[in-house]
Amino acid sequence: MTIAVSPQALPALVLNADYRPLSYYPLSLWSWQDAIKAVFLDRVNIIAEYDHSVSSPTFSMRLPSVVCLKTFVRPARNPAFTRFNVFLRDKFECQYCGSEDDLTFDHVIPRAHGGQTTWENVVAACAPCNLRKGSKLPKEAGMLPRQKPYQPTVQDLHNNGRLFPPNHLHESWLDYLYWDTELQP
Ligand SMILES: [Zn+2]
């Protein structure tokens, strides 16, 4: 499982004013167009650049690969409740059988029984397990998730994120991302 980042898109990694990524999940990236706009609005400093330039008849500049906000933004306490983050909390494993294939969401208490779509009631489940469980309660189905679903902290996701680094990281980003520095031999 990887985070899809197209290298052709030449996105800029966005750092908070403390030089840490504005967010990890998803990784804070701006399109080069947005990054340049922010440079001209004087909202960011350029920390590193791509070799690639954009130019018009009157102007040329290298595209920023890392930018840093001039004003500190208080980071979100809790990670966003997203499909990706649920999978990351559950380490991309079906919470019933451990399979890594064909992952879907399962409502532990089914929606038909009033189950909510929340951190505490949604787990990663492979399609066959999800189908088998259907709209039965965990006890009826004899299927309990391996780990009780919970609201993770940003730190929980960081810890799991080390196991699943993105598939594309520009070299200029590496100084600012934990999974490089901590995985160095
Ligand atoms: Zn399964």
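Modeller: D34 and K37 both lie in helix 1, where three residues, or about one turn of the helix, separate them; helices here are DSSP runs of H or I with at least four residues, strands are runs of E with at least two, and both are numbered from the N terminus. The model is a predicted one, so local features need pLDDT of at least 70 and side-chain atom pairs count only at pLDDT 80 or more, while totals for chains, interfaces and linings use all residues. Residues are numbered from 1 along each chain as its sequence is written, and side-chain values use heavy atoms, with hydrogens and water left out.

The side chains of D34 and K37 form a salt bridge, with 3.9 Å from N to O; the term requires a side-chain nitrogen of Lys or Arg within 4 Å of a carboxyl oxygen of Asp or Glu. D34 counts as partly exposed because its relative accessibility is 36%, whereas K37, at 51%, is exposed; buried is under 20% relative accessible area, exposed is over 50%, and partly exposed is in between, with a 1.4 Å probe and protein chains only.

A search of the whole structure finds six salt bridges, and one of them joins K70 to D42, whose closest N and O atoms are 2.5 Å apart. This pair links distant parts of the chain, since K70 belongs to the loop between strand 4 and helix 2 and D42 to the loop between helix 1 and strand 3, 28 residues apart. K70 has a relative accessibility of 38% and therefore counts as partly exposed.

A further salt bridge brings together the side chains of D51 and R62, at 3.5 Å from N to O. Here too distant parts of the chain are linked, for D51 is in strand 3 and R62 in strand 4, 11 residues apart. D51 is exposed, with a relative accessible area of 71%, while R62, at 37%, is partly exposed. E49 joins D51 and R62 in a network of salt bridges.

Four strands form an open sheet of mixed pairing in the order 2-1-4-3, two strands being paired if DSSP finds at least two bridges between them. Strand 2 (29-30) and strand 3 (44-56) are the edge strands, each pairing on one side only. Strand 3 runs antiparallel to strand 4 (residues 59-69), and nine bridges join them; E49 has P64 as its bridge partner in strand 4. Helix 1 (residues 32-40) packs on this sheet and touches strand 1 (12-15), strand 2, strand 3 and strand 4, its direction making about 85° with that of strand 4. Contact means heavy atoms within 4.5 Å, and the angle, on a scale from 0 to 180 degrees, is taken between N-to-C directions of lines fitted to C-alpha atoms, for helices over the stretch in contact.

The loop between strand 4 and helix 2 (83-89) also holds N78, which is partly exposed at a relative accessible area of 43%. Although N78 and T153 are 75 residues apart along the chain, their C-alpha atoms are separated by 5.6 Å. Leaving aside neighbours within four places in sequence, N78 is in contact with Q151, P152 and V154.
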